[in-house]
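Please read the following report alongside the sequence and the coordinates. It treats the chain as a whole, then its salt bridges, its sheets and parts of its surface.

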Amino acid sequence: MIRLICLALLANLMAMAQTMPGKEVSIMVGRGELLQFQGDLQRVVIAEPKIADAVVVSPHEVMINAKSVGMTTLIVWENGVTPARYNISVMPDNTATDTLLKDVQSKLPGLHVAGNADKLVLSGPVKNQEESKKAEAIAAAYAKQVSNMLQLPPAPEPRQILLQVKFASIDRSALSEFGFNYFSRNPTTLGALSTQQFQQPRFSQLQFQNQDFANSTINFADLLNLFIFRPDLNLGATIRALQGRNLIQVLAEPNLIAIEGKEASFLAGGEFPFPTLTATTTGGAVAPVITVQFRKFGIQLGFTPTAAANGGIHLKVAPEVSALDFSNSVTLQGFLIPALSVRRAETEVVLQDGESFAIAGLMDNRVTTVLNKIPGIGDIPIIGNLFKSKSVKKTQDELLVVITPRFIKPMAPGEKPDMPGMLEEFLPSAKQVKEQLDAKKKKKETKDNKKQKPTFVGPRGQQKP
């Protein structure tokens with residue numbers, strides 16, 4: 001019975017509270033608000049004690065303590081006054097979060113930052129991917145987790161890049177030759193002196209008469225490249241003084257087109273097979289198995305172009321020139337496997353459109369020694385050296401790679417390229433030939449009209465029309 005009376009009383013109080021005008025009170029979690037009244041308090045009721053707690057601290061004062069986020073209602077009865085209604089709104093304490101957001105926002109102007117210390121959400125437009133990564137790294141220093149919702153500008157259409165490459169080999173070995181043949185057919189001094197490098201002049205059969213030379217003619221098989229003779233002194237010489245140097249040899253000139261960011265490659269050469277030993281189990285035993293693989297050799301080029309932010313071209317290139325080297329080959333179970341002589345380079349550069357750079361200094365030094373000897377006699381110590389001949393050939397090749405990148409734009413359908421014009425046409429066109437023929441024909445008709453027979457000119461008699 002008492003419980004029913006309490007419930008009825010509470011229902012009446014709530015009905016009265018709904019009809020009474022309420023005062024708005026906002027409190028943060030963990031804080032309180034003191035309400036003061038003129039008269040003595042009779043009764044204080046709060047709807048949800050879990051959200052806020054009402055404590056009567058004196059006959060004229062009520063302390064409200066905020067506990068959790070939410071909304072509740074407080075009813076206060078005062079002597080001689082209509083019960084007062086208070087709408088209590090408990091809000092979270094975002095002071096630390098607001099300070100955090102302001103700090104992050106100051107570091108990232110132009111972007112929108114939301115969230116708390118556990119998770120931050122970044123939104124807004126950025127210029128490029130690098131700026132987006134930088135903003136995310138700054139926000140990661142303030143929160144445990146960062147959600148990157150930044151908007152990148154639409155990706156531009158990928159550009160096409162033309163790479164003009166020239167592979168050249170420079171032979172830096174020089175050939176120098178110098179030698180001379182000195183001869184004299186002076187009756188007082190007859191003789192010859194030679195360095196024995198080239199064929200020397202030969203005297204004919206010497207004849208004497210009265211103790212003097214009657215015949216001392218000389219036969220020349222090779223005048224070399226310098227010939228000197230003094231008839232008054234009967235002295236002469238043939239001299240060879242030459243210096244030769246090989247010129248540059250262009251190995252390949254590939255022109256490759258690639259989309260920026262994509263890798264392209266070039267190979268002018270081939271692939272050679274070589275055996276490889278592998279072990280397989282057959283019936284519990286291990287037996288070697290020979291398989292054939294192929295290796296590339298020749299002139300190779302791999303490159304990856306990328307458009308740089310400054311309008312240039314960031315280029316990653318890896319040129320390579322290789323050749324089969326049988327001097328260092330090995331023989332494996334009857335197979336002759338040649339070695340590879342490789343010159344390779346790999347680098348990254350940034351160039352403007354049309355600029356060139358060169359890779360040089362890839363040297364290939366070789367020394368070839370050829371030894372000839374007479375069998376038997378040439379093997380005798382000390383004396384055998386007189387029956388041996390040895391020649392040494394040295395080669396020094398340098399690889400030069402010149403690379404020029406360019407931006408290109410495809411031509412529209414129907415657009416004709418500008419073809420190189422000729423300064424002077426080789427043959428006249430059909431239109432020009434026709435014009436020339438018409439001019440000749442007209443000139444001939446004019447000349448024929450002038451050769452017509454004379455006609456009567458002057459007044460005449462009556463003529464019938």
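Is K166 buried, partly exposed or exposed, and what is its relative accessible area? K166 is partly exposed, with a relative accessible area of 42%, where buried means under 20% relative accessible area, exposed over 50%, and partly exposed in between (1.4 Å probe, protein chains only).

The structure is a predicted model, in which local features need pLDDT of at least 70 and side-chain atom pairs count only at pLDDT 80 or more, while totals for chains, interfaces and linings use all residues. Residues are numbered from 1 along each chain as its sequence is written, and side-chain values use heavy atoms, with hydrogens and water left out.

**The chain as a whole**

The chain has four helices and 28 strands; helices (H or I, at least four residues) and strands (E, at least two) are DSSP runs, numbered from the N terminus. Of its 465 residues, 26% count as buried. The chain exposes about 33,000 Å², of which carbon and sulfur atoms supply 55%; accessible areas come from the Shrake-Rupley method with a 1.4 Å probe, and for residues only the protein chains shown count as cover. Among the contacts (heavy atoms within 4.5 Å) with a separation of 6 or more, residues 24 or more positions apart account for 59%.

**Salt bridges**

Side chains of opposite charge can pair when their charged atoms come close. A salt bridge is taken here as a side-chain nitrogen of Lys or Arg within 4 Å of a carboxyl oxygen of Asp or Glu, and by this rule the count comes to four. The table lists some of them.

| Pair | N to O distance |
|---|---|
| D103 and K107 | 3.1 Å |
| D118 and K144 | 3.9 Å |
| K166 and E253 | 3.9 Å |

D103 and K107 both lie in helix α2, four residues apart, which is about one turn of the helix. D103 counts as partly exposed at 29% relative accessibility, and K107 is likewise partly exposed, with a relative accessible area of 44%.

The side chains of D118 and K144 also meet in a salt bridge. D118 lies in the loop between β8 and β9 and K144 in the loop between α3 and β10, so the pair ties together parts that are 26 residues apart in sequence. D118 is partly exposed at 47% relative accessible area, whereas K144 is exposed at 72%.

K166 and E253 meet in a salt bridge as well. This pair links distant parts of the chain, with K166 in strand β11 (residues 160-171) and E253 in the loop between β20 (248-252) and β21 (255-259), 87 residues apart.

Three strands form an open sheet in the order β8-β9-β10, with mixed pairing; two strands pair if DSSP finds at least two bridges between them. β8 (112-115) and β10 (145-151) stand at the edges with a single partner strand each, so one side of each is left without a neighbour in the sheet. Neighbouring strands of this sheet are turned by 15° against each other on average, direction ignored; axes are lines fitted to C-alpha atoms, for helices over the stretch in contact, and angles run from 0 to 180 degrees between N-to-C directions.

Strand β9 (residues 119-125) pairs with β10 in the parallel sense over seven bridges, and the bridge partner of K119 in β10 is Q145. Helix α2 (residues 95-107) lies across β8 and β9 and runs at about 155° to β8, while helix α3 (residues 129-140) lies across β9 and β10 and runs at about 155° to β10.

A141 is placed in the loop between α3 and β10 and counts as exposed at 67% relative accessibility. The C-alpha atoms of A141 and A117, 24 residues apart along the chain, are separated by 10.0 Å.

**The sheet β2-β5-β4**

A further three strands form an open sheet in the order β2-β5-β4, with antiparallel pairing. Here β2 (32-36) and β4 (52-58) stand at the edges, each with a single partner strand, so one side of each is left without a neighbour in the sheet. Neighbouring strands of this sheet are turned by 25° against each other on average, direction ignored. β4 and strand β5 (residues 61-66) pair in the antiparallel sense over six bridges, and S58 has E61 as its bridge partner in β5.
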